[in-house]
Amino acid sequence: MRARELLRRLDDEDPSRVTAAGLADRVATLVRAGHLPAGVELPSERDLASALGRSRGTIARAYERLRDDGLAYTRQGAGTTIGCCAGPWASSRAAELAPIIAREGSTPLIPLGRLLDLREPRWGNGPPGVSSASPGPSVASLAARLAAHLDGHGLSTAPERLLVTGGLRRALDVVLASLLRPGDRVLVPALTDPAWLALLAVRGFHPVPLPVDLDGRADLPGWLRRIRGRSASVALLTATYAPPAGTVLQAHERQLLVEEAVRADVTLIDDLSHADLWLEDPPPAPLAAPQAPDEERIVTVGSTDALTAGAPLVGWIRAPEGPVTDRLAGVLTALDAAPSGLTVAAADAAFADHAGLLRTRRQHLADLAATAIRLVTPAAPRITVAPPSGGPRLWLRFQGATGTEVADLARQQGLLVHPGAASAVDGSDHPAVGLALTADTDDVVAGLRILVRIAGAAEE
């Protein structure tokens with residue numbers, strides 16, 4: 001946006017009276033009214049200062065205030081842009097969703113008597129799977145497809161090293177039961193997947209938190225200290241698009257983590273369930289990929305959820321070399337965790353078009369993340385969004401309300417979301433809620449509108 005255009009929108013503000021606080025307030029009013037949507041680039045500090053006849057420092061302080069309020073962000077060499085943060089949102093196809101964002105009217109956002117559940121990622125059904133198949137060849141065929149897919153991630157895998165289970169939770173159940181006994185401790189990020197915490201509680205394992213910030217991003221030095229001190233013999237991690245905020249460990253961080261785990265004799269469980277759902281750039285290689293000699297300390301798990309459509313979910317375990325492999329296979333049989341032959345056959349058949357499916361799903365996630373920013377930005381700082389690097393979830397933080405309070409108010413309006421306490425290992429009530437981006441666009445927009453309303457009501 002040119003400086004003169006912004007001045008026109010500011011109703012010809014008298015340049016002699018412009019202050020940093022006043023300019024920030026006027027721009028904030030335009031943002032909250034929807035006249036400056038997320039993705040609009042503000043004039044450079046130099047150009048706006050020249051047009052107003054004010055110092056560049058005045059403009060810089062105004063932009064700083066907008067950033068502090070979560071209404072703008074600045075990228076080195078790229079200027080200041082309306083919105084809470086950088087990402088694919090500014091250039092995303094989500095601008096085409098503007099009519100959906102604008103549509104509200106007087107009708108209820110969620111039809112009376114309906115409950116909109118945005119807690120767990122659930123993709124809609126795609127083409128139907130096969131109706132019958134021979135269990136033996138189907139398992140081998142699916143394992144071969146999965147092994148080839150993992151090879152593309154830099155994780156060289158022989159099909160016979162893959163154990164197929166009835167979904168991701170069954171895969172985690174098998175791995176944990178193979179490595180631990182009830183009462184043992186497990187290192188888990190302090191903000192994590194609620195389903196993980198439920199599984200640990202059911203099986204009698206005690207989670208030990210690895211420190212993270214309020215957005216769920218890893219405090220890596222803190223993780224390394226916990227592993228070095230061997231607070232537990234097993235660490236359950238999602239290095240790629242960890243819930244609840246879709247965070248990712250960089251390649252050098254992964255390397256440090258693996259090296260420390262090897263020295264401390266700690267086994268790492270790496271969940272790759274959503275590793276293909278990246279929004280801008282492919283993620284670094286999985287934990288087991290960088291150092292082949294260290295693989296014996298890493299068990300990798302995943303699911304076909306992101307790779308197949310119209311088929312029951314299948315989980316998998318990439319077993320490390322050595323005696324752990326036999327133990328995993330034995331526990332899988334003991335827990336009756338293997339899927340039926342029909343389930344495997346359906347997943348195998350649905351796997352065929354996974355490349356096109358992943359492109360569609362990545363675009364869906366990017367569009368909805370962009371839409372969330374456009375909806376939430378006008379309500380900042382009462383509500384802010386931490387956009388994910390990838391993955392199927394969104395993490396929204398609130399000012400002046402706990403996540404449980406927000407979730408309870410949302411439930412009263414027919415919307416189910418995860419409160420921050422559901423993701424917290426210590427049960428603390430973070431001022432945030434998590435919701436899944438995998439639902440239909442209209443449903444996610446309706447849910448976001450309800451949360452924005454709740455944020456406004458909390459301020460009043």
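Biologist: In which strand does Ile 317 lie?

Modeller: Ile 317 lies in strand S12, which covers residues 315-318. Keep in mind that this is a predicted model.

Biologist: Is Ile 317 buried or exposed?

Modeller: Buried means under 20% relative accessible area. Ile 317 has 0% relative accessibility, so it counts as buried.

Biologist: Which residues does Ile 317 touch, leaving out those up to four places away in sequence?

Modeller: Among them are Arg 161, Leu 162, Val 174, Val 299, Val 301 and Leu 328. Take Arg 161. It sits 156 residues from Ile 317 in sequence, yet the two C-alpha atoms are 8.1 Å apart in space.

Biologist: Now the whole chain. How many helices and strands does it have?

Modeller: There are 16 helices and 17 strands. Of the 460 residues in the chain, 54% are buried. Residues 24 or more positions apart account for 74% of them. The accessible surface comes to about 19600 Å², and 50% of it belongs to carbon and sulfur atoms.

Biologist: How do I read strand pairing?

Modeller: Start with the general idea. Strands of a sheet pair through backbone hydrogen bonds, either parallel or antiparallel. Then follow the strands here. S7 (residues 234-237) and S10 run parallel, joined by four bridges. Val 234 has Thr 267 of S10 as its bridge partner. S10 (residues 267-271) also pairs with S11, in the parallel sense, over four bridges. There, Leu 268 is partnered with Ile 298 in S11, and Ile 269 stands opposite Val 299.

Biologist: In which sense do S11 and S12 pair, parallel or antiparallel?

Modeller: Antiparallel, over four bridges. One place to look is Ser 303, which stands opposite Gly 315 in S12.

Biologist: How do I read the two faces of a strand?

Modeller: In a regular strand the side chains alternate between the two faces of the sheet. Now try S11, residues 298-303. On one side are Ile 298, Thr 300 and Gly 302; on the other are Val 299, Val 301 and Ser 303. Every one of these is buried, and both faces are covered.

Biologist: How many residues of S10 are buried?

Modeller: Five of its five. Thr 267, Ile 269 and Asp 271 lie on one side, with Leu 268 and Asp 270 on the other. Both faces of S10 are covered.

Biologist: In what order do S13, S14, S16 and S17 stand in their sheet?

Modeller: The order is S13-S14-S17-S16, in an open sheet with antiparallel pairing. S13 (383-386) and S16 (418-419) are the edge strands, because each pairs on one side only. S16 joins S17 (residues 432-436) through two bridges. Within that pair, Pro 419 has Val 433 as its bridge partner. Helix H14 (residues 403-412) packs on this sheet, touching S14, S16 and S17. The direction of H14 makes about 50 degrees with that of S17.

Biologist: How can I check the length of a helix?

Modeller: Helix H13 (residues 354-376) has 23 residues and should span 33 Å at 1.5 Å a residue. Its end C-alpha atoms are 32 Å apart, which agrees. H13 is also mostly covered, with 19 of its 23 residues buried.

Biologist: How do I read backbone angles?

Modeller: Most residues other than glycine have a negative phi, and most peptide bonds are trans. Now the exceptions here. A cis peptide bond joins Pro 243 and Pro 244, with omega about 5 degrees. Pro 244 lies in the loop between S8 and S9. Another cis bond runs from Ala 380 to Pro 381, with omega near 0 degrees. Pro 381 lies in the loop between H13 and S13.

Biologist: What is the phi of Arg 230?

Modeller: It is positive, about 50 degrees, although Arg 230 is not a glycine. Arg 230 lies in the loop between helix H9 and S7. Its relative accessible area is 38%, so Arg 230 is partly exposed. Asp 336 also has a positive phi, near 50 degrees. Asp 336 sits in the loop between helices H11 and H12. With a relative accessible area of 62%, Asp 336 is exposed.

How values were computed: Residues are numbered from 1 along each chain as its sequence is written. This is a predicted model: local features need pLDDT of at least 70, side-chain atom pairs count only at pLDDT 80 or more; totals for chains, interfaces and linings use all residues. Side-chain values use heavy atoms; hydrogens and water are left out. Buried means under 20% relative accessible area, exposed over 50%, partly exposed in between (1.4 Å probe, protein chains only). Contact means heavy atoms within 4.5 Å. Accessible areas come from the Shrake-Rupley method with a 1.4 Å probe; for residues, only the protein chains shown count as cover. The expected span of a helix is 1.5 Å times one less than its number of residues. Axes are lines fitted to C-alpha atoms, for helices over the stretch in contact, and angles run from 0 to 180 degrees between N-to-C directions.
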